[in-house]
Structures are given as C-alpha cells and as structure tokens.
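Welcome! Please take a look at it first.

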Amino acid sequence: MSLQELEFKVRRVSDEPQVIAIDLIGGVFPSNMGRFSEMVEIQQARGIRNLVLNCEQLDFVCSNCIGYIVQKNDEFKKSGKKLLVSALNPEIKAIIDQFSLQTILNI
C-alpha cells in the first residue's frame, strides 16, 4: 500500500449552524502534522460551530494526530461547539476502537 502526503479541501456544509468540513486525503504523518493542526486552528479561530473531519480518503494517521484530535475535541466541547470525525476507514477505526476513543470522540 502506497501512502500519499496530506492534502485537504475545506468546504462549507451548511450555513446553519455554520458547519465546515475538512476533507482529508492521504496521510497525517509527523512531517505534516503542523499543516494539519494549522488547518484545524484556522477553522477554530473563525468561530465555526461544528467542524467535520471527513476521513473518507485518509489512509494513515500518526499517534500525534490522534492525540491532537482528542485534545481539540475537548476544546470544542468546552466552548459549546462540536468536532466530528466521519467516514473512518477500517484500519483507522480499529485503532480508535482499540483505545476506546469512540467514547470521547464524535464519530
């Protein structure tokens, strides 16, 4: 299996209650973790209510990325907003399930 570097597309899903999706393509590696976190931080700073991380085309996530998503989920929750993770592939879903992260993340 060949893994590609991270690409992403940001799109508006709905105007009410302002939902933004980030379509993740490829993989989140330690080498591009900064790009991933910057993209999430930009949307968070814009004050959006709900952020969807669409993982349908995501092949790989490093452990740093998983930890970051858990941290951001907590921040969103504390501010009355939602961070949602959607369309996980079976391999990534198995990692989430192995550590029971589905109990804290909005999947």
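Is Phe-29 buried or exposed? Phe-29 is buried, because its relative accessible area is 16%, where buried means under 20%, exposed over 50% and partly exposed in between (1.4 Å probe, protein chains only). Please keep in mind that this is a predicted model, in which local features need pLDDT of at least 70, side-chain atom pairs count only at pLDDT 80 or more, and totals for chains, interfaces and linings use all residues. Residues are numbered from 1 along each chain as its sequence is written, and side-chain values use heavy atoms, with hydrogens and water left out.

**The sheet**

- Four strands form an open sheet in the order β1-β2-β3-β4, with mixed pairing; strands (E, at least two residues) and helices (H or I, at least four) are DSSP runs numbered from the N terminus, and two strands pair if DSSP finds at least two bridges between them.
- β1 (7-14) and β4 (82-86) each have a single partner strand, so one side of each of these edge strands has no neighbour in the sheet.
- From one strand to the next, the twist averages 20°.
- β1 and β2 (residues 19-28) run antiparallel and are joined by seven bridges; Arg-12 has Ile-20 as its bridge partner in β2.

**Aromatic pairs**

- There are two aromatic pairs in the structure; rings of Phe, Tyr and Trp (its six-membered ring) pair if their centres lie within 6.5 Å, and planes under 30 degrees apart count as stacked, over 60 as edge-to-face and the rest as tilted.
- Phe-29 and Phe-60 are stacked, at 5.0 Å centre to centre with 15° between the planes.
- This pair links Phe-29, in the loop between β2 and α1, to Phe-60 in strand β3, 31 residues apart.
- Phe-60 is partly exposed, with a relative accessible area of 30%.
- Phe-36 and Tyr-68 make an edge-to-face pair, with 5.8 Å centre to centre and 70° between the planes.

**Two buried polar residues**

- Lys-72 lies in helix α2 (residues 63-78) and counts as buried because its relative accessibility is 3%.
- The side chains of Lys-72 and Glu-75 make a polar contact at 2.7 Å; such a contact is a pair of N or O atoms within 3.5 Å and, within protein, one must be able to donate a hydrogen and the other to accept it, while residues adjacent in sequence count only if both atoms are side-chain atoms.
- Asn-32 sits in the loop between β2 and α1 (33-45), and its side chain makes a polar contact with that of Glu-5 (2.9 Å).
- Asn-32 also counts as buried, at 3% relative accessibility.

Notes:
Axes fitted to C-alpha atoms, helices over the stretch in contact; angles between N-to-C directions.
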